[in-house]
Structures are given as structure tokens and as C-alpha cells.
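Here is my notebook from a look through this model, in the order I checked things. Have the viewer open and follow along.

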Amino acid sequence: MIGVGAMSLTLLFILVICTLQVAATIVCVKLYRKWITNMNGMLIAMSLAMAVGILIGTILGVIFHGDLFVSTFYSILIGLAIGFIAGIPLGLPAVIDGLLSGLMGGMMEAMLGDMVAMTRPNTIINIMAYIITMILLLVLYTVEDSIRKQGNHTIISFFKHPFLLLFAITLLFVVFNYIGPLDFNVPTKLGH
């Protein structure tokens with residue numbers, strides 16, 4: 001398996017930031033579901049499931065290079081789970097949309113991760129993660145905007161200074177990518 005022995009700081013940052021974004025979006029949707037329109041609800045469930053399926057599919061495709069069944073299976077399951085969880089508060093159409101998007105995202109990107117695993121695995125993961133991070137920021141902004149417009153509620157906003165937020169995330173990606181991998185291999189014999 002490729003990439004199991006060394007986990008880059010960038011990959012850890014990617015997983016943490018995307019998990020926080022998905023969790024924040026799901027919590028906002030759960031708390032303020034009355035003020036989210038059906039169309040925005042379907043968009044949110046679809047976007048979250050597709051984004052997670054794409055990101056996890058790419059990562060697992062690289063990690064399980066050569067075993068496309070395992071990477072596809074796990075990325076589809078994770079995408080389906082996120083689509084289901086994100087769609088539950090918003091109704092059956094959002095659940096169906098989330099499930100289908102998670103299925104498609106996990107399946108497609110596991111193939112991509114498997115195909116590019118030998119050439120530039122870190123590059124494709126970083127590119128996809130950066131794009132997914134920005135898309136998840138837009139989804140979270142859509143949730144906040146829908147709540148603000150429909151319910152006239154003021155919620156804690158992550159977007160008072162959106163360009164500063166985008167600049168900070170971009171800077172962190174560059175810095176963590178520059179630092180490189182953290183080696184978690186433990187030598188088995190003394191002197192190696």
C-alpha cells in the first residue's frame with residue numbers, strides 16, 4: 001500500500017479541516033432546518049456527499065493502489081453515509097440526492113486515485129483537497145445565507161472576511177505542503 005508509512009502534515013490538515021466543515025454544515029442544517037428551502041437542502045446534501053466521496057475516494061484510491069474494489073467500496077460507503085446524514089433533517093428528496101451523489105463521488109474518485117497513485121499521489125490529493133475545501137466553504141456560506149434570508153436570524157458567521165479566510169487556508173496548504181511528510185515508521189531493529 002502506498003502512503004501508509006508516511007502521513008503528510010497536509011493530509012492531516014486536509015482531513016481535519018474538511019471534517020470540521022462537514023460537521024459545521026450538518027449542525028447548522030440540523031439547528032436551522034426550518035429556514036432552509038427544499039432546493040437549498042437538496043443542494044447541501046448533494047454537495048456534502050459528493051465532496052466527501054471525491055476527497056475520500058481520491059485518498060483511498062492512492063492508499064489502496066492496486067485494490068480498486070476496496071478503495072471504491074469504502075469511499076462509496078463513506079459518501080453514502082454523509083449524504084444520508086446530511087439529507088435526514090431536510091427530507092426524503094435530499095436524502096436520495098445525497099445518497100446518489102455520495103455513490104457517484106466515491107466511485108469516480110477511487111478510480112482517479114488508483115490511476116494517478118504511481119505518478120503524483122500527493123499532488124492529486126492536495127489539488128482535490130484544496131478544491132473540495134473551497135467548495136465546502138461555499139456550501140457553508142450557502143447554509144448561512146439561506147438561514148439569514150429565510151429566517152432573519154443572525155448566526156455566528158465564518159464569512160465576515162471571506163477573502164482573509166480563503167487566504168489563510170491557502171497559506172496553510174502551502175506551508176504544510178512545504179514541510180512535507182511526517183514519518184510514522186518505527187524501526188524494527190536497532191541501528192536501522
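**Overall layout.** I began with the fold and counted 6 helices and 2 strands in the protein; I took helices (H or I, at least four residues) and strands (E, at least two) as DSSP runs, numbered from the N terminus. Along the sequence I read the pattern β-α-α-α-α-α-α-β.

**Ground rules.** I am working with a predicted model, where local features need pLDDT of at least 70 and side-chain atom pairs count only at 80 or more, while totals for chains, interfaces and linings use all residues. Residues are numbered from 1 along each chain as its sequence is written, and side-chain values use heavy atoms, with hydrogens and water left out.

**Contacts and burial.** Of the contacts (heavy atoms within 4.5 Å) between residues at least 6 apart in sequence, I noted that 79% join residues at least 24 apart. I also looked up burial: 42% of the 192 residues are buried, meaning under 20% relative accessible area, with exposed over 50% and partly exposed in between (1.4 Å probe, protein chains only).

**Helix H2.** How many of the 26 residues of H2 are buried? I found 19, so by the definition these have under 20% relative accessible area. H2 covers residues 38–63 and reaches 37 Å from first to last C-alpha, close to the 38 Å expected (1.5 Å times one less than its number of residues).

**Helix H4.** I then turned to Met115, which sits in helix H4. Met115 counts as exposed because its relative accessibility is 62%.
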